[in-house]
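Me: Hi! I am new to reading protein structures, and I would like to go through one with you. Could we take it feature by feature?

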Amino acid sequence: MHGNTLATTMHYRHVSTAEKQRDVESLDLSLGNSTSRPKKRRRTNRTTVSFQCIRLGLAATLVTAAFVAFSGTPSRSSSLDFETQSKNAPLCTPLSKPQDVSYTLVTQLSQDRLWMMEHHCARYPHPMSIAVWTNSTRRKTLDDLLAMKCDLNLIQVEILDAHNMPYNDYPVNQLRNMALRNISTTHIVYIDVDFWTSDGMYDILKGTNVTNALVGDRKQALVIPAFQLFRQCVEWKDCREKNVPYMPHSADDLYDMIREKRGHMFDPTNTGGHGSTRYRDWLLQDDGTLFEIPCLKSNRYEPFLVIRYCRDLPPFQEAFSGYGKNKMSWMMQLVRSGYVLSQVGGVFLVHYPHLDSESRQHWNEAPNQLKVYKEGNKDHVPPQIRRPNESETNLSFASYKRGQVDQLFVKYRKWLRERVPDESRIGLCEDHQDDDSKLWVERSPES
């Protein structure tokens, strides 16, 4: 699996730039259209990031298609109050040199996905902070991590007791904030546990090109492009023994996955979520080079980021729980607060094809007339849920999780516009999506 899949293409190193560019342009990059232009750009004093030489081998071959410091059970917030800052984080003091930059990988998970930590510990043997939603004890969780060959000296662990909490309303943002409490590094690498890191990510992020950019602008956020592996069995089950061997470790593996149509960019069914990532340009980036994302195709963009952890960083809003808008709301606040985005060459994440969680199934609940099944797959693939049309006024949207989240989101967006000054340095692309068309609820003009 992790062999020399690029060996036969090394001669491509000697072809012209024009030939290489032509090969990249021929790729099917449906989510990564590089022609999008900013709808409106603002002048800034931001230092321009220089680019290194293009990695010809990758561009030629890729195709599209710790020890527990604290344990407890903080009460879950039932308030709709939103927060502007990470109150427990250190002050945002300037960094003086690239060597000051340090990283902690941050994630959250439920007990049924604890098994994935074996792979995270193997792929990223560096500082981590995790929060686990579980009915198990702290001691049992630590024992499980040890059995997975995780180094507890590198992992900080928070436990949130799942007893007496709704099984289908996973407290995702509460867990994210719990994991952030233990950060002692300057920056975090935020991922969800079902997105596995590429090998060597830490070393690339420690490179001078990356660290210089982070020192130069404390609101420089770095995007890690995300891909996905398709389920490797026909049956609707977690065929782990078939999936895991095909989870890419390296660029070679990623190319092999896409070339053989075992995976794709994440997520073709939700182009707003990661469609602003410039996948086509990423193919031409060398390890550690940065490519500015000039505009957003959707306000629903929610990439995984490397970002400074200090007081000015917005927290995850804990009013959002379960599935839906829990991370995109954070991203919207980052953008409004003046963060800028560049994607990092040579690093990536791959989504593991797990079954739908209880929270996702709760989100998918809808009136039958809104369910859209793919032809011939009704018994194997969950339906897509379409937005109600104007004639379907008899539906009680507030009785469904999706409608409840959309109502909360409209309130959050109104709060964001009223309480957070607009310091944005990145705007929407000219061809941006109509995000409001995705909502189940109508919004008032001022929201």
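**Reading the model together**

Reply: Happy to! Asn 164 is exposed, with a relative accessible area of 84%. Keep in mind that this is a predicted model.

Me: Where does Asn 164 lie?

Reply: Its place is the loop between strand 3 (155–161) and helix 5 (172–180). The backbone there is worth a look too. Most residues other than glycine have a negative phi, and most peptide bonds are trans. Asn 164 has a phi near 65 degrees, which is positive although the residue is not glycine.

Me: Let us turn to Lys 261. What is its phi?

Reply: Phi of Lys 261 is near 60 degrees, again a positive value in a residue other than glycine. Lys 261 sits in the loop between helix 9 (251–259) and strand 8.

Me: Is Lys 261 buried or exposed?

Reply: The cut-off for exposed is over 50% relative accessible area. Lys 261 has 65% relative accessibility, so this residue counts as exposed.

Me: Now the peptide bonds. Which kind is the one from Phe 266 to Asp 267?

Reply: That bond is cis, with omega near 0 degrees. Asp 267 belongs to the loop between strand 8 (263–265) and helix 10 (271–274).

Me: Which residues is Ser 329 in contact with, leaving aside its neighbours within four places in sequence?

Reply: They are Phe 320 and Tyr 412.

Me: Next, the strands. Why is strand 1 described as largely enclosed by the rest of the structure?

Reply: Count its buried residues. Strand 1 covers residues 103–110, and eight of the eight are buried, so the rest of the structure largely encloses this strand. Look at both of its faces: Tyr 103, Leu 105, Thr 107 and Leu 109 are buried on one side, and Thr 104, Val 106, Gln 108 and Ser 110 are buried on the other.

Me: Which strands does strand 1 pair with?

Reply: Look for bridges. Strand 4 (residues 187–190) pairs with strand 1 in the parallel sense over four bridges, and Thr 104 has Ile 188 in strand 4 as its bridge partner. Strand 2 (residues 128–134) also runs parallel to strand 1, joined by six bridges. There, Val 132 of strand 2 stands opposite Leu 109.

Me: What do strand 1, helix 3 and strand 2 make?

Reply: Together, with helix 3 spanning residues 117–123, they make a right-handed β-α-β unit.

Me: Could we step back to the whole chain?

Reply: The protein chain has 14 helices and 16 strands. Of its 447 residues, 55% are buried. The chain exposes about 20400 Å², with carbon and sulfur atoms supplying 48% of that area.

Me: What is the mean pLDDT of the protein chain?

Reply: The mean is 82, and 74% of the residues reach 70 or more. Where pLDDT is low, the predicted coordinates should not be read in detail. Over residues 1–16, pLDDT stays under 50, and the model has 23 contacts beyond four places in sequence for them. Residues 40–79 also stay under 50, with 112 such contacts in the model.

Technical notes. Residues are numbered from 1 along each chain as its sequence is written. This is a predicted model: local features need pLDDT of at least 70, side-chain atom pairs count only at pLDDT 80 or more; totals for chains, interfaces and linings use all residues. Side-chain values use heavy atoms; hydrogens and water are left out. Buried means under 20% relative accessible area, exposed over 50%, partly exposed in between (1.4 Å probe, protein chains only). Helices (H or I, at least four residues) and strands (E, at least two) are DSSP runs, numbered from the N terminus. Two strands pair if DSSP finds at least two bridges between them. A crossover is right-handed if, with the strands pointing away from the viewer, the path from the first strand over the helix to the second runs clockwise. pLDDT is the predictor's confidence in each residue, from 0 to 100. Contact means heavy atoms within 4.5 Å. Accessible areas come from the Shrake-Rupley method with a 1.4 Å probe; for residues, only the protein chains shown count as cover.
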